Amino acid sequence: PVIVGASLAWAEGSAVKAWVFLLSLACATLIQVGTNLLNDVTDFEKGNDKADRLGPLRITAAGWATPREVRRAALAVFLLALATGLVLVWTGGLFILALGLISLIAAWAYSGGPKPVSHGPFGELFVLAFFGLVGVIGSHYLQAGAFSFVALPTGVAIGAMASAVLLLNNYRDLAMDKAAGRRTLAALLGPARAQLLYAVFVLLPLALPPWLALRNPPSPGAWLALLAAPLMWRVAVAMRRAQGAALNPVLAQTALAQFVFSLLLSIGVLL
């Protein structure tokens, strides 16, 4: 989302603020890492990560670090994100300050507190909002100094693919989550409808390049992003055919599909 947001701003004629872009990338990455660390330790403490876990091995459950150490690491990463974000506020002003603080609060709320977002049906909505809309709009604003309507549908497209990653993760863990009392969106929808929503999340972004290419003013280079369509279609089909631990490679390929689509879109609009 950071790469796409900045590329949209540069394509519209904004000057390249390289140090702002790199700090934006660092800040977003730190928030992602902190969220994952906090999710790692809280899932372990709540009994979700057991020996029969189907997903990739996690730090706390594997015994590589104690819960206290992982919590301290998460706090350290969030503090680094805050420090990086405060530097960006100097460029982006109060709008960026608001986005940054809301993002940090959301990162904590996703796994922390008595009712974590990750244990309910709104996790995918959070991901779409923060790893799509907020990431694209914030990155664009830091480069352009103004809001652009184009960033809105673009943020939805990028966020949809990020949401697909989480939905697939929860779909894989459906039985374990139900046993642990987690009511994720996948659990609420059931297997068949979760598969359908995953396909929507993965394939919906393909509507964005034609819109960007044909709108006024047009961005004909956006067609380049459709080169990612075979990979996106492949993961949509693979998700319906795989079960259990066999979904882990599909999870990685979904994240790869998002990155490839985003990178091609960025290059296309710049061209």
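User: What does Pro67 touch, not counting residues up to four places away in sequence?

Analyst: Pro67 touches Val41, Phe44, Glu45 and Thr60, where contact means heavy atoms within 4.5 Å. The C-alpha atoms of Pro67 and Val41 are separated by 5.7 Å, although the two residues are 26 residues apart along the chain. Two points on the source apply throughout: this is a predicted model, in which local features need pLDDT of at least 70 and side-chain atom pairs count only at pLDDT 80 or more, while totals for chains, interfaces and linings use all residues. Residues are numbered from 1 along each chain as its sequence is written, and side-chain values use heavy atoms, with hydrogens and water left out.

User: Why is Pro67 called partly exposed?

Analyst: Buried means under 20% relative accessible area, exposed means over 50%, and partly exposed lies in between (1.4 Å probe, protein chains only). Pro67 has a relative accessible area of 26% and is therefore partly exposed. Pro67 lies in helix 4; helices are DSSP runs of H or I with at least four residues, and strands are runs of E with at least two, numbered from the N terminus.

User: What makes Arg71 and Glu45 a salt bridge?

Analyst: The term requires a side-chain nitrogen of Lys or Arg within 4 Å of a carboxyl oxygen of Asp or Glu. The side chains of Arg71 and Glu45 meet at 2.7 Å, N to O, and the pair links distant parts of the chain, with Arg71 in helix 4 and Glu45 in helix 2, 26 residues apart. Arg71 is partly exposed at 35%, and Glu45 is partly exposed at 44%.

User: How many salt bridges does the structure hold, and which parts does the pair of Asp43 and Arg58 tie together?

Analyst: The structure holds 3 salt bridges. In one of them, Asp43 and Arg58 have their closest N and O atoms 2.8 Å apart. Asp43 lies in helix 2 (residues 18-45) and Arg58 in the loop between helix 2 and helix 3 (59-62), so the pair ties together parts that are 15 residues apart in sequence. Asp43 and Arg58 are both buried.

User: Why do Asp173 and Arg172 count as buried?

Analyst: Asp173 has 9% relative accessibility and therefore counts as buried. Arg172, at 6%, counts as buried as well. Asp173 forms a salt bridge with Arg172, with the closest N and O atoms 2.8 Å apart.

User: Why is the pair of Phe149 and Trp211 called edge-to-face?

Analyst: Rings of Phe, Tyr and Trp (its six-membered ring) pair if their centres lie within 6.5 Å; planes under 30 degrees apart count as stacked, over 60 as edge-to-face and the rest as tilted. A search of the whole structure finds 5 aromatic pairs. The rings of Phe149 and Trp211 have centres 6.3 Å apart and planes at 70 degrees, so the pair is edge-to-face. Phe149 is in the loop between helix 6 and helix 7 and Trp211 in helix 11, 62 residues apart. Phe149 counts as exposed at 53%, whereas Trp211 counts as partly exposed at 35%.

User: Which residues touch the most other members of the largest nonpolar core?

Analyst: A nonpolar core is a set of buried Ala, Val, Leu, Ile, Met, Phe, Trp, Tyr and Cys residues joined through side-chain atoms within 4.5 Å. In the largest, of 42 residues, Leu168, Tyr198, Phe261 and Leu265 touch the most other members. Helix 7 gives the most to this core, with 9 residues. Apart from it lies another core of 22 residues, including Ile31, Val41, Phe78 and Ala81.

User: Is Leu8 buried or exposed, and on what value?

Analyst: Leu8 has a relative accessible area of 6% and is therefore buried. Leu8 lies in helix 1 (residues 2-11). Beyond its neighbours within four places in sequence, Leu8 is in contact with Val136, His140, Val150, Ala151, Thr154 and Val269.

User: Where is Ser219, and why does Ser219 count as buried?

Analyst: Ser219 is in the loop between helix 11 and helix 12. Its relative accessibility is 15%, and Ser219 therefore counts as buried. Pro217 is found in the loop between helix 11 (208-214) and helix 12 (229-241), and a cis peptide bond, with omega about 0 degrees, joins Asn216 and Pro217.
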